[in-house]
Number of protein chains: 2
Amino acid sequence: MKVTKFGGSSLASAEQLSKVLEIIKSDKQRKFIVVSAPGKENPVDTKVTDSLIAYHDAYVTGAELSEIQNSIINRFKRIIEALQINPKLIDIITKDILSLSQLPQEDNPYLYDTFLAAGENNNAKLVAEYFRQNGLKARYINPGQAGLIVSNEPQNARILPSSYDKMEKLREYEGILVIPGFFGITADNHICTFSRGGSDITGSLIAAATSADLYENFTDVDGMFAAHPGVVKNPHSIKELTYKEMRELAYAGFSVLHDEALIPAYRGQVPLVIKNTNNPSHPGTKIVLERSTDKNPVVGISGDDKFISINMSKYLMNREVGFGRKVLQILEDLHIRWEHMPTGIDDLSIVIREREMTPIKEKEILTYLTHNLEVDEVSVTKNLSIIMIVGENMKSHVGVTATATKALSENKINITMISQGSSEVSVMFVVNSKDEKKAIKALYQAFFKE
Amino acid sequence: MKVTKFGGSSLASAEQLSKVLEIIKSDKQRKFIVVSAPGKENPVDTKVTDSLIAYHDAYVTGAELSEIQNSIINRFKRIIEALQINPKLIDIITKDILSLSQLPQEDNPYLYDTFLAAGENNNAKLVAEYFRQNGLKARYINPGQAGLIVSNEPQNARILPSSYDKMEKLREYEGILVIPGFFGITADNHICTFSRGGSDITGSLIAAATSADLYENFTDVDGMFAAHPGVVKNPHSIKELTYKEMRELAYAGFSVLHDEALIPAYRGQVPLVIKNTNNPSHPGTKIVLERSTDKNPVVGISGDDKFISINMSKYLMNREVGFGRKVLQILEDLHIRWEHMPTGIDDLSIVIREREMTPIKEKEILTYLTHNLEVDEVSVTKNLSIIMIVGENMKSHVGVTATATKALSENKINITMISQGSSEVSVMFVVNSKDEKKAIKALYQAFFKE
């Protein structure tokens, strides 16, 4: 049994929905269908979710609502008419969209969530009705009925552990269930959304709770590539990679899936496949717990910019018990997430994402390091990029790092830092951002072309 | 003006002392002479300091003392007679050695320190007398007179900041001053020793306080080699290296000098030279604050064994604020000094020296990681060695890491971890200890032979 999730671009138009219908029809294992809100039909189009945000904002600021309400309703109407679905659904959706402007504004922490969730919720009704009219035994089920009970944290809902047992019962339903993604219901019956990109979370939770054989995630790409197609021309597509590899690649620039969304499926040991609604015969990229070894130790190369490093040196630093801990403590006190901490003997650097830093925090840190920790030297390096070469098989291949460093040095790329952790799933290079693309090209050439 | 320190082997016999005399005579800049206690005259000999420890132990346990007293006295006597120094000195030293057994045992935290310091103290008197009888204007000066006032921390004395001004006045003395190394005087007039190896500290403190032009440290080797002569056959000797490079090399196996001893000279910006009493015309190895660039980016390669790593992985570890800090906190609570912390995305390893770990501490850590930090996997890897390639010029040379990793992979040496910090003074490799020597040879070959 499979859980099949469709992203916004797969549901943006009647044409896309007809592809979705064919996909569902072609495999009887596809029992749980999780849907996003309709995405952009064309590049200048607006996602329904973005229109709902505008609707919410207009409502709370007391602006005129009819124009934005009509644009949302018309979006659904166009799809319903084009697919020749029972027009009664237009009335249902219209009523639902208009009813949002009757919600209490005061003491209502779920107002924003309720607006946003209307995109997925109405689209799930639409998809279920469309399936039914085309001969499938399908029904819409809302997250409350499905047992998806979440914490009272608006825009950051978490599943309650007790939900898993309730959701397991979904297996007993007959036919196809169409479930809106992105939100759950709180114990006191409010709509509460996951963090943005959260339709993937719904699919992942259902896959884990029902112990699905596979979680299919339909997007508008043929899966993942060994390097970013914007940097490397026609990169290889990846057939199979592990959750760990996926995480390491996602960390530095690969962003097909919201990686927190994968936790339930990972913990539930459900493999995942990323497929293309527009090219469903392509096998896509499968994400598994363990994979068979491959000749090539490297599965992918990714890169991401906007990192900075704080570098400090202090003579005999490493004799000082607690030095590193104190450095991490000041970061924690300032709510700064750090990424890496390469150490020499008397040197220590902290690599963080640029967005974590503000001028005032930077000043605070430098003052603390100089005055409290009495470092000899401290500096901040900006415009850094992290390049990751990833592959679980690297550990059984001597020489991956040699190949990588050779490729970089032959291309005159200075490596600011290297870190190869004991997991040996990845090697991380920090380079100046101006060299990022050149580095990815050089590494791709070294591991996939030679 | 130079501060010149002689180690125990340079002062072990009349023959050695005559070399010391020639060294002092040959350069009028050598004004402050810091001496250790007589070391081993031959491999089966006992260092005077070790005899003094035995003497102390016999005294506190109430054992017979005359044999150990005589052996210490005779050691000095033999040197004095062979050098034909005024025999009155024998009486002075005899009285001093015997007087140690009159010291109060109770409520005397400085008892051990006073016994130990007698080696350096009497030897300084001997050296001064020898110089004087050979036409040098020399005098013995004890640390109290010299202004070397220290904290009340037996066996771990630290200089009091106010001492620097007093010691600066040593410049005004005429002639050569011979100062015993290894101890200072507390504000309440007790003898208090530095940590072991502390004669180097005395020299370093005097060099810094007097703003010496050079701190000469005479040993029994021609300076430092680019790799350990026990591993690499006839390695190059190092002409010049920086304090930073020295520290990085000393960290992993190079141990000519006690590195804490170098702090005062480093902070006082006094260059240091390591020379050989038995081969004084050899230029030795100079340790400087900054050095001119060299064609070879690598100055030395060192290695040390007996490291272990604690490896942990947890899905989405790096989203968790405070994770790394908590890991370091448990180590700090257990008084464990850590060395390196390489990180992947969801992986973190801590490299520590084996001696820092006990079975009970290991159990404590693993329980904490599993139960409190809820890691997915945890393991401990033993028998690791750290190899360092060191050189301040590495930062301006692209390709050092490439050359190193190539050399290691061609020799089928698996690199468990790599860390190249932002200082770029060194690159650290962690390998299995069975590969340590092979790795050092391969790296030496790559950087010094090709």
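Biologist: Where is Asn234(B) found?

Modeller: Asn234(B) is found in the loop between β8 and β9 (240-242) of chain B. Helices (H or I, at least four residues) and strands (E, at least two) are DSSP runs, numbered from the N terminus.

Biologist: What kind of model is this, and how are the residues numbered?

Modeller: This is a predicted model, in which local features need pLDDT of at least 70 and side-chain atom pairs count only at pLDDT 80 or more, while totals for chains, interfaces and linings use all residues. Residues are numbered from 1 along each chain as its sequence is written, chains are lettered from A and ligands numbered from 1 in the order in which they are written, and side-chain values use heavy atoms, with hydrogens and water left out.

Biologist: Why does Asn234(B) count as exposed?

Modeller: Residues are sorted by relative accessible area: buried is under 20%, exposed is over 50%, and partly exposed is in between (1.4 Å probe, protein chains only). Asn234(B) has 72% relative accessibility, so it counts as exposed. Asn234(B) also has a positive phi of about 45° although it is not a glycine.

Biologist: What is the phi of Gln269(A), and why does Gln269(A) count as exposed?

Modeller: Gln269(A) has a phi near 60°, a positive value in a residue other than glycine. Its relative accessibility is 57%, so Gln269(A) counts as exposed. Gln269(A) is found in the loop between α10 (263-267) and β10 (272-276) of chain A.

Biologist: What makes strand β10 (residues 272-276) of chain B largely enclosed by the rest of the structure?

Modeller: 5 of the 5 residues of β10(B) are buried, so the strand is largely enclosed. Leu272(B), Ile274(B) and Asn276(B) are buried on one side, and Val273(B) and Lys275(B) are buried on the other.

Biologist: Which strands are joined to β10(B), and do they run parallel or antiparallel?

Modeller: Strands pair if DSSP finds at least two bridges between them. Strand β8 (residues 214-219) of chain B is joined to β10(B) by 5 bridges, and the two run parallel. Here Phe218(B) has Lys275(B) as its bridge partner. Strand β11 (residues 285-288) of chain B is joined to β10(B) by 3 bridges, and these two run antiparallel. In this pairing Leu272(B) stands opposite Ile287(B).

Biologist: Which residues does the UniProt annotation "binding site" cover in chain A?

Modeller: According to the unreviewed UniProt entry, Thr49(A) and Glu120(A). They are spread over 72 residues of sequence but cluster in space, with a largest C-alpha distance of 8.3 Å. UniProt positions are given in the numbering used here, feature names are shortened, and annotations may be inferred rather than shown by experiment.

Biologist: Why do Thr49(A) and Glu120(A) count as buried?

Modeller: Thr49(A), in helix α2 (residues 48-61) of chain A, has 8% relative accessibility and therefore counts as buried. Glu120(A), in helix α5 (residues 111-133) of chain A, has a relative accessible area of 4%, so it is buried.

Biologist: What is Glu120(A) in contact with?

Modeller: Contact means heavy atoms within 4.5 Å. Leaving aside neighbours within four places in sequence, Glu120(A) is in contact with residues including Thr49(A), Val35(A), Pro180(A) and Ser199(A).

Biologist: Why does Lys25(A) count as partly exposed?

Modeller: Lys25(A) has 40% relative accessibility, so it counts as partly exposed. Lys25(A) lies in helix α1 (residues 14-25) of chain A. With neighbours within four places in sequence set aside, its contacts are Asn134(A) and Leu136(A).

Biologist: How many residues of helix α13 (residues 400-410) of chain A are buried?

Modeller: 8 of its 11 residues are buried, and α13(A) is mostly covered. Among the buried ones are Val400(A), Ala404(A) and Leu408(A). The cover includes α14 (436-449) of chain A as well as α13 (400-410) and β16 (415-420) of chain B.

Biologist: How many salt bridges are counted between chain A and chain B?

Modeller: The count is 6, where a salt bridge is a side-chain nitrogen of Lys or Arg within 4 Å of a carboxyl oxygen of Asp or Glu. Arg325(B) and Glu332(A) meet in a salt bridge, with 2.5 Å from N to O.
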